[in-house]
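Please look over the structure below. The report that follows takes up selected helices, contacts and backbone angles.

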Amino acid sequence: MDAFDCTPQPAACCPDWMAGLPDALPLSRLSIPGTHDSLSLFGGRRLRCQSWGLEAQLAAGVRFLDVRCKLERGELRVYHLCTFQRASLRGVLRRTLRFLRAHPGEAVLMRIKEELPFFSRPGFAARLQRCLLEEGRGRLWCREEVPTLGQARGKIVVLEALEQAVLGIPYEQLSISDAWNVLSLERKWARARRHLEAAAGGDPAKMHLTFCSGNGLFTCPEEVARFVNPRCYRHLRRRSGQAVRWGVVIMDFPGAGLLRLIVDSNAPWASGSVVEAPGTPAAPRWRRGRALRAAPLGPVSPVALPAPRVRRKTSVSLGKKRGRSSRVAPRSLRVTAA
């Protein structure tokens, strides 16, 4: 159970691991445990990716959530492929913000994705924007810049990949390893291991996301996790006690020991020996019991930023379809001032 756990509750809890880290640390410099298809609890062995509910994942230390939705009868419902996961995006936002109110030193990254869009559903972006406005209430980070931990405490940091609007950090511009279609378990782990090492030795201002999860014609999420998670555990354990930036490590059925290894790789930062990335602003100090206020979410892009590094149109008509040809070539995001 150190590496793989398919029981209903985690073996250990770690609900406040971010609270002792310095405000000045950009999220791109942290090791962050996450779950793939975080709400996928139903659908049998072919589809089920997690055994812990949302609250149990957050209490265990998970700080990246992968939420996949379909627009149905005006509501964003959580799906894995064609299986409804008995949850809505509104409910996920409310439950996550409830956790953050109880643990204001923490921050949660949330990737929000439209599930199986052969063609993007008309109105998905507008409905998502409305949901974020109504449920976020100033407690979402919806800018394109990667925040520092001090800027993100008490908030959900939104990662998105929309065609028609910018509602958060552009997901496709991050460094991502997501070889989800698994034909060989050995090759799957080899790719994940290479990306973990790239994160450890790469640009600290660039976010790295490594998916250790996968599925395939001759396997299923649980079998992939039983193979990959123990290898990931052993790989990370070789450098335990060191300050290693593993990036966001995203798993199915993670064990409490594996989560602890990822979290503990941040421990040396708690000593205060933090070397800030060039241009990183000093974040305001966090005080226990008070969550920082987020900038209000605007009509499409939440704030007007001077000379943004990512040149995407942030003020568009949600009713007008826009093709990919109007988008610029992806560039990695860097930490900038709020």
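**Terms and basis**

Buried means under 20% relative accessible area, exposed means over 50%, and partly exposed lies in between, with a 1.4 Å probe and protein chains only. This is a predicted model: local features need pLDDT of at least 70, side-chain atom pairs count only at pLDDT 80 or more, and totals for chains, interfaces and linings use all residues. Residues are numbered from 1 along each chain as its sequence is written, and side-chain values use heavy atoms, leaving out hydrogens and water.

Helices (H or I, at least four residues) and strands (E, at least two) are DSSP runs, numbered from the N terminus. Contact means heavy atoms within 4.5 Å.

**Leu236 and its neighbours**

Leu236 lies in helix 6. Leu236 counts as buried, because its relative accessibility is 3%. Leu236 touches Leu196, Trp246, Leu258, Leu261 and Ile262, leaving aside residues up to four places away in sequence. Take one of these partners, Leu261. Leu236 and Leu261 are 25 residues apart in sequence, yet 6.7 Å apart in space, C-alpha to C-alpha.

**Helix 6 against helix 7**

Helix 6 covers residues 221-237. Helix 6 and helix 7 pack at an angle of about 35°, and their axes are 10 Å apart. Axes here are lines fitted to C-alpha atoms, for helices over the stretch in contact, and angles run from 0 to 180 degrees between N-to-C directions.

Helix 6 brings Asn229, Cys232, Tyr233, Leu236 and Arg237 to the contact, and helix 7 brings Gly257, Leu258, Leu261 and Ile262. By class, this contact has six nonpolar, two polar and one charged residues. Ala, Val, Leu, Ile, Met, Phe, Trp, Tyr, Cys and Pro count as nonpolar, Asp, Glu, Lys and Arg as charged, and the others, Gly among them, as polar.

**How helix 7 is covered**

Seven of the nine residues of helix 7 are buried. They are Ala256, Gly257, Leu258, Leu259, Leu261, Ile262 and Val263. Their cover includes strand 1, helix 1, helix 6 and strand 11.

**Helix 2 against helix 3**

Helix 2 (residues 89-102) and helix 3 (residues 124-136) have axes that come within 10 Å and cross at roughly 30°. Helix 2 is therefore roughly parallel to helix 3. Angles under 35 degrees count as roughly parallel, over 145 as roughly antiparallel, 65 to 115 as roughly perpendicular, and the rest as oblique. This crossing is right-handed.

Leu89, Arg90, Leu93, Arg94 and Leu97 of helix 2 meet Leu128, Cys131, Leu132, Glu134, Glu135 and Gly136 of helix 3. The classes here are six nonpolar, one polar and four charged residues.

**Two positive phi angles**

Most residues other than glycine have a negative phi. Phe253 has a positive phi of about 50°. Phe253 sits in the loop between strand 11 (248-251) and helix 7 (256-264). Phe253 is buried, at 1% relative accessible area.

Arg86 also has a positive phi, near 60°. Arg86 belongs to strand 4 (residues 83-88). Arg86 is exposed, with a relative accessible area of 62%.

**Asp37 in its loop**

Where is Asp37 found? Asp37 is in the loop between strand 1 (32-35) and helix 1 (54-60). Asp37 is buried, at 3% relative accessible area. Beyond residues up to four places away in sequence, Asp37 touches Cys49, Gln50, Asp66, Arg68, Tyr79 and His80.

Terms used. A crossing is left-handed if the near helix is turned anticlockwise from the far one by less than a right angle, and right-handed if clockwise.
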